[in-house]
Amino acid sequence: ARTGTEGFTIATESPPVLIITDYQMPLMSGVEMARQLREHGATASVPVLLVTARGYVLDPKDIGETNIRAVIAKPFGLRQLQDHVAKLLKEGAASTAA
């Protein structure tokens, strides 16, 4: 998706198992998109991995109102991204099995 609103639409039409989004996106920030996804029934439990160039520190309120489970500051390596994705997918599988 090129914008936060496009990402929201795509995710709600076909809910993924994980969403990776940027903090800075046109039309809707990654945090706002994550907040709206949590409020939408089909995507309410989909974990979100937020990437940012700002070294953004999440406000505890953002965590409570979203499904943001990890934040990675740019630049990051492919291995770091793979590790975060694997961890989040494993956590998601464990929570659905419980």
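Across which strands does H2 lie, and at about what angle does H2 run to E1?

*Solution.* H2 lies across E1, E2 and E3, and its direction is at about 145° to E1. Such angles run from 0 to 180 degrees between N-to-C directions, with axes fitted as lines to C-alpha atoms, for helices over the stretch in contact.

Before you go on: this is a predicted model, in which local features need pLDDT of at least 70 and side-chain atom pairs count only at pLDDT 80 or more, while totals for chains, interfaces and linings use all residues. Residues are numbered from 1 along each chain as its sequence is written, and side-chain values use heavy atoms, leaving out hydrogens and water.

**Exercise 1. Describe the elements of the protein and their order.**

*Step 1.* Find four helices and three strands. Helices (H or I, at least four residues) and strands (E, at least two) are DSSP runs, numbered from the N terminus.

*Step 2.* Follow the protein from its N terminus: the elements read α-β-α-β-α-β-α.

**Exercise 2. Work out how the sheet is built.**

*Step 1.* The three strands form an open sheet in the order E1-E2-E3, with parallel pairing. E1 and E3 are the edge strands, each pairing on one side only. From one strand to the next, the twist averages 25°. Two strands count as paired if DSSP finds at least two bridges between them.

*Step 2.* Look at each pair. Four bridges link E1 and E2, and here Thr-21 stands opposite Leu-50 in E2. Five bridges join E2 to E3, where Leu-49 faces Ala-70 in E3.

**Exercise 3. Find the buried residues of H2 and what they pack against.**

*Step 1.* H2 covers residues 30–39, and its buried residues are Gly-30, Val-31, Met-33, Ala-34, Arg-35 and Leu-37. Buried means under 20% relative accessible area, exposed over 50%, and partly exposed in between (1.4 Å probe, protein chains only).

*Step 2.* These buried residues pack against helix H1 (4–13), E1 (19–22), E2 (48–52), H3 and E3.

**Exercise 4. Is Thr-66 buried or exposed, and which residues does Thr-66 touch?**

*Step 1.* Locate Thr-66 in the loop between H3 (60–65) and E3 (68–73).

*Step 2.* Thr-66 counts as buried because its relative accessible area is 0%.

*Step 3.* Leaving out residues up to four places away in sequence, Thr-66 touches Val-31, Ala-34, Arg-35 and Arg-38. A contact here means heavy atoms within 4.5 Å.

*Step 4.* A polar atom of the Thr-66 side chain lies 3.2 Å from the backbone nitrogen of Ile-68.

**Exercise 5. Compare two loop residues, Leu-27 and Pro-75.**

*Step 1.* Leu-27 sits in the loop between E1 and H2. Although Leu-27 is not a glycine, its phi is positive, about 75°. Leu-27 is classed as exposed because its relative accessible area is 71%.

*Step 2.* Pro-75 lies in the loop between E3 and helix H4 (78–97). The peptide bond from Lys-74 to Pro-75 is cis, with omega near -5°.

**Exercise 6. What share of the 98 residues is buried, and what box do the C-alpha atoms fill?**

*Step 1.* Buried residues make up 38% of the 98 residues.

*Step 2.* Along the principal axes, the C-alpha atoms fill a box of roughly 35 × 30 × 25 Å.

Conventions
Polar contact = N/O pair within 3.5 Å; in protein donor to acceptor, adjacent residues only side chain to side chain.
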